[in-house]
Amino acid sequence: MTNLQGKVAIITGGASGIGLATVKAFLEKGAKVVIADYNEEHGKAAEQELKQTYSDVLFHKVNVAEEQQVERLVAETVKHFGKLDVIFNNAGIGVQKPSHELTDEEYKRVISINQDGVFYGAKYAIREMLKTGGGSIISTSSILGSVGEPTSMPYAASKGAVNQITKSLALEYADRNIRVNAIAPGFIESGMVNKEALGDFYDGLVAKHPLGRLGRPEEIAHAAVFLAENDFVTGTTILVDGGYLAQ
Ligand SMILES: NC(=O)c1ccc[n+]([C@@H]2O[C@H](COP(=O)([O-])OP(=O)(O)OC[C@H]3O[C@@H](n4cnc5c(N)ncnc54)[C@H](O)[C@@H]3O)[C@@H](O)[C@H]2O)c1
């Protein structure tokens, strides 16, 4: 079992929702954490708040869809904290629109952040982990990586790709002690997913989860901690979905 005390972790999309909950969970475990996000306002606010309790937390502005920015993120992390043990590729967006009305730009924006961003994060993390003898790569997938959803095609496609990137990388780097896993959340209460924002649609979403509620960001953070700590788990996408996909 890996002890997260003193481990260095990058958490993309770390300025809000699932990412921010995971930043807090990792800091509580004694990890040194880089909050990587393109929302500078939220990222700096999170850094400032957390610095009151934890000394080893840093905000780094990044667009995960831009390869060179991700390369710089990893380089700066190693420069500051000396190594990289864990990357949580969690930044993601969605678009809801009938597929025949999607523009090329809308489609590619989702793919570039949710899918390419996971590739870039893994690529540069692996380069560092090969130098130090191992590490843990975790990505946020979704239940929609396994089942379809009307009007969310680019999102579902990108999350299906995350599952496959996860399996392939796990096999490729297992003998170098780099573990690669993903988490597939059900619907989680967050900035975009809440009763106020969704109105009547909210109750319909709740009804799709056998446990009778949506998930909480902390419940996904808990799974990320498990995947970072458990040395015998690789190549898997674990469901944290309130029973959604059991039906
Ligand atoms: N909330 C849900 O119901 C749910 C369900 C399944 C999967 N997910 C996935 O969980 C992850 C986190 O989502 P969340 O619910 O916490 O949403 P959120 O909107 O609260 O957080 C996403 C964060 O990612 C950042 N981000 C977006 N694009 C970025 C980019 N290009 N570069 C860097 N940062 C970027 C945003 O600024 C934001 O801080 C996403 O990958 C999402 O697809 C969410």
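Q: How do the residues of the shell around the ligand divide into nonpolar, polar and charged?
A: In this predicted model, the shell around the ligand divides into 14 nonpolar residues, 14 polar and one charged, where Ala, Val, Leu, Ile, Met, Phe, Trp, Tyr, Cys and Pro count as nonpolar, Asp, Glu, Lys and Arg as charged, and the others, Gly among them, as polar. Local features need pLDDT of at least 70 and side-chain atom pairs count only at pLDDT 80 or more, while totals for chains, interfaces and linings use all residues. Residues are numbered from 1 along each chain as its sequence is written.

Q: Which of them come nearest to the ligand?
A: Of the 29 residues around the ligand, those that come nearest are Gly13, Gly17, Ala91, Gly92 and Ser190, a residue being near if its C-beta atom, placed from the backbone, lies within 6 Å.

Q: And which element gives the most to that shell?
A: That is α1, with three residues; helices here are DSSP runs (H or I, at least four residues), numbered from the N terminus.

Q: Switching to serine 168, is that buried or exposed?
A: Serine 168, which is found in helix α5 (residues 153-173), is exposed because 12 other C-beta atoms lie within 10 Å (20 or more would be buried, 12 or fewer is exposed, and in between is partly exposed, with C-beta atoms placed from the backbone).

Q: How far apart are serine 168 and valine 62?
A: Serine 168 and valine 62 are separated by 106 residues in sequence and by 26 Å in space, C-alpha to C-alpha.

Note on methods
Helix = DSSP H or I, 4+ residues; strand = E, 2+ residues; numbered from the N terminus.
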